[in-house]
Amino acid sequence: MAEMALLTPGSTEGAVLRVLPALDLLPHRVRVENLDPATLLHGPEPDFILIDATTNLTAARSALRTINTMGTWDAVLGVFQEAGLMVVDDQWFVDDLLLTSTGPAEVEARLRLASRRSGTSTRNADPTGPIKVADVVVDESSWTVRAGGQPLDLTFKEFELLKYLVQHPGRVVTREQLLQEVWGMDYYGGTRTVDVHIRRLRAKLGSERESLIGTIRNVGYRFAGSRSVE
């Protein structure tokens, strides 16, 4: 069962049945949000993003452009009326297309294919080895981090924070997300804690690598580079 976010320019009430009725017959969890890419930075991280392009093609295309600049997402699919396909070109940043009339079997098949192409099916699996982004290597099995081949002396929280960032390279993550994922739901401190630990991480990474952790003003942070497993 996958987690999905359906972004629609219309009313969120009854949006699943209005936009893609077949989804209501499948066992996936779908949260419906307004057509504002910023909503993706809050709540559960979706396996699939569905963009409602059935009524307002201009707004849908604009949202897709914004999503494309926000970082790497595992799979983004557009939902269209058949007539809307006439405007689709390489400037529509989607991994696949769905028609509102698409049946459950085809929806499921397209999700599987999008999952395979993007790596969504293995996103939540444990890596088979150390995770590498740029020249930073995080090895959870030995609780070690190397940068440029040199070991870093990190505290437990610094390690957990860096691990989460390198597991989501190119993705904008909010301070609230980091608090929830690294410190846990029972943590009552403020987001200032995240900023302090980010500053310490940058210092330990060194001046030549501190820019790997970019600040997204008024939002959060993004770790540069692409992930690989050693």
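Author: What follows is a conversation about a predicted model, taken one topic at a time.

Reader: Okay, let's begin with V16. Where does V16 lie, and is V16 buried or exposed?

Author: V16 lies in helix 1, which covers residues 15-19. Its relative accessibility is 17%, and because buried means under 20% relative accessible area, V16 counts as buried.

Reader: Which residues does V16 touch?

Author: Leaving aside residues up to four places away in sequence, V16 touches L6, P21, L23, D24, V30 and V32. For V16 and V32, which are 16 residues apart along the chain, the C-alpha atoms are separated by 7.7 Å.

Reader: New topic, then: what is the strand order in the open sheet of three strands?

Author: The order is 10-12-11, and the pairing is antiparallel. Strand 10 (173-174) and strand 11 (213-216) are the edge strands, each pairing on one side only.

Reader: How many bridges join strand 11 to strand 12?

Author: Four bridges join them, with strand 12 made up of residues 220-223. T215 stands opposite Y221, which belongs to strand 12.

Reader: And which helix packs on that sheet?

Author: That is helix 6 (residues 192-205), which touches strand 11 and strand 12 and whose direction makes about 145° with that of strand 11. Helix 6 has 14 residues and reaches 20 Å from its first C-alpha to its last, close to the 20 Å expected at 1.5 Å a residue.

Reader: Switching to rings: how many aromatic pairs does the structure hold?

Author: The structure holds three aromatic pairs. In one of them, W143 and F159, the ring centres are 4.7 Å apart and the planes stand at 45°, so the pair is tilted.

Reader: Which parts of the chain does the pair of W143 and F159 tie together?

Author: W143 lies in the loop between strand 7 (136-139) and strand 8 (144-147), while F159 lies in helix 4 (residues 156-167), so the pair ties together parts that are 16 residues apart in sequence. W143 is partly exposed, with a relative accessible area of 46%, whereas F159 counts as buried at 4% relative accessibility. Ring pairs also link W143, F156 and F159 into a cluster.

Reader: Last topic: how many salt bridges does a search of the whole structure find?

Author: The search finds eleven salt bridges. In one of them the side chains of R29 and E3 meet at 2.5 Å, N to O, and this pair links distant parts of the chain, since R29 is in strand 2 (residues 29-34) and E3 is in strand 1 (residues 3-8), 26 residues apart.

Reader: Are R29 and E3 buried or partly exposed?

Author: R29 is partly exposed, with a relative accessible area of 42%, and E3 is partly exposed too, at 23%.

Reader: How many residues apart are E160 and K163 in helix 4?

Author: E160 and K163 are three residues apart, about one turn of the helix. Their side chains meet in a salt bridge (3.5 Å, N to O), and both E160 and K163 are buried. Elsewhere, salt bridges that share partners join D96, E106 and R110 into one network.

Key. Residues numbered from 1 in each chain as written. Predicted model: local features only at pLDDT ≥ 70, side-chain atom pairs only at ≥ 80, totals over all residues. Heavy atoms only, no water. Helix = DSSP H or I, 4+ residues; strand = E, 2+ residues; numbered from the N terminus. Buried < 20%, exposed > 50% of the residue type's maximum accessible area, 1.4 Å probe, protein only. Contact = heavy atoms within 4.5 Å. Pairing = 2+ DSSP bridges. Axes fitted to C-alpha atoms, helices over the stretch in contact; angles between N-to-C directions. Phe/Tyr/Trp six-rings, centres within 6.5 Å; stacked < 30°, edge-to-face > 60°. Expected span 1.5 Å × (residues − 1). Salt bridge = Lys/Arg side-chain N within 4 Å of Asp/Glu carboxyl O.
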